[in-house]
Amino acid sequence: MADAARARKVADRIHQTVARLLQGRIKDPRLGFVTITDVRVTGDLQQATVFYTVYGSERERRDTAAALRSATGLIRSEVGKALGIRLTPSITFRPDALPTQAKTFEDALAQARAKDEEIARATAGATYAGDADPYRHDDEEPAVVEDWEE
């Protein structure tokens, strides 16, 4: 089991190598505008998961996924050369869910903003039911309470 620092270094090296390969060496026409967002390596350095995003339509995402699957062997051999360790990790490509999650968060924030504006419009002409400030303050005279006679 490798320590966390070594696994992080291996993941960074895989990230750099895969990004360099996708930028220059792999010439598959199905490959779209890909960004490698993260690489995670298991503790035993046997498996690496490469997370990526693709700019474009759903069809471009599918084509890019197919291109990455077909280039996995070449990428793994180049990663093995770049790492120089005894066992080259197997590589799996996964689309990164971060853009989808960010869109969901943005939509939720937009809905909350719209609801806040609706509430602000509804309360624009409203007045307080009692006094605007119902609390006693130290600079005020205390109210005189008359005793009740029985």
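Where is Arg-94 found? Arg-94 sits in strand 3, which spans residues 90-95 and pairs with strand 2. This is a predicted model, in which local features need pLDDT of at least 70 and side-chain atom pairs count only at pLDDT 80 or more, while totals for chains, interfaces and linings use all residues. Residues are numbered from 1 along each chain as its sequence is written, and side-chain values use heavy atoms, with hydrogens and water left out.

**Strands and their pairing**

- Helices (H or I, at least four residues) and strands (E, at least two) are DSSP runs, numbered from the N terminus.
- Two strands count as paired if DSSP finds at least two bridges between them.
- Strand 1 (residues 33-41) and strand 2 (residues 47-55) run antiparallel, joined by 8 bridges.
- Thr-35 has Thr-53 in strand 2 as its bridge partner.
- Val-34 has Val-54, also in strand 2, as its bridge partner.
- Strand 2 also pairs with strand 3, in the parallel sense, over 6 bridges.
- Ala-48 has Ile-91 in strand 3 as its bridge partner.

**The hairpin turn**

- Strand 1 and strand 2 form a hairpin, with 5 residues between them.
- Leu-45 lies in the loop between these two strands.
- The phi of Leu-45 is near 60°, a positive value in a residue other than glycine.
- Most residues other than glycine have a negative phi.
- Leu-45 counts as buried because its relative accessibility is 7%; buried means under 20% relative accessible area, exposed over 50%, and partly exposed in between (1.4 Å probe, protein chains only).

- Is Arg-94 buried, exposed or partly exposed? Arg-94 has 44% relative accessibility, so it counts as partly exposed.
- Arg-94 touches Thr-49, Val-50, Phe-51 and Tyr-52, not counting residues up to four places away in sequence; contact means heavy atoms within 4.5 Å.
- Arg-94 and Ala-67 are 27 residues apart along the chain, and their C-alpha atoms are separated by 13 Å.

- Thr-72 lies in helix 3, which covers residues 72-83.
- Thr-72 counts as buried because its relative accessibility is 18%.
- A polar atom of the Thr-72 side chain lies 2.8 Å from the backbone oxygen of Leu-68.
- This is a polar contact, a pair of N or O atoms within 3.5 Å; within protein, one must be able to donate a hydrogen and the other to accept it, and residues adjacent in sequence count only if both atoms are side-chain atoms.
- Leaving out residues up to four places away in sequence, Thr-72 touches Ile-91 and Phe-93.
- Glu-78 is also in helix 3.
- Glu-78 has 13% relative accessibility, so it counts as buried.
- With residues up to four places away in sequence left out, Glu-78 touches Thr-17, Leu-21 and Arg-25.

**The largest pocket**

- The largest pocket has a volume of about 240 Å³.
- On a 1 Å grid over the protein atoms alone, a pocket is an open set of points where a 1.4 Å probe fits, with protein on both sides within 12 Å along at least five of seven lines; lining residues have an atom within 4 Å of a point.
- Grid points are joined across faces, edges and corners, and a volume is the space filled by probe spheres set on the points.
- Residues lining the largest pocket include Tyr-52, Thr-53, Glu-58, Arg-61, Pro-95 and Asp-96.
- Strand 2, helix 2 (58-70) and helix 4 (98-122) are the elements that give two or more residues to this lining.
- Which element gives the most to the lining of the largest pocket? Helix 2 does, with 4 residues.
- The lining has 5 nonpolar, 2 polar and 4 charged residues; Ala, Val, Leu, Ile, Met, Phe, Trp, Tyr, Cys and Pro count as nonpolar, Asp, Glu, Lys and Arg as charged, and the others, Gly among them, as polar.

**Exposed residues**

- Lys-9 has its place in helix 1 (residues 4-25).
- Lys-9 counts as exposed because its relative accessibility is 62%.
- Lys-9 and Gly-80 are 71 residues apart along the chain, with 14 Å between their C-alpha atoms.
- Pro-134 lies in the segment after helix 4.
- Pro-134 has 59% relative accessibility, so it counts as exposed.
- Pro-134 and Ala-4 are 130 residues apart in sequence and 59 Å apart in space, C-alpha to C-alpha.
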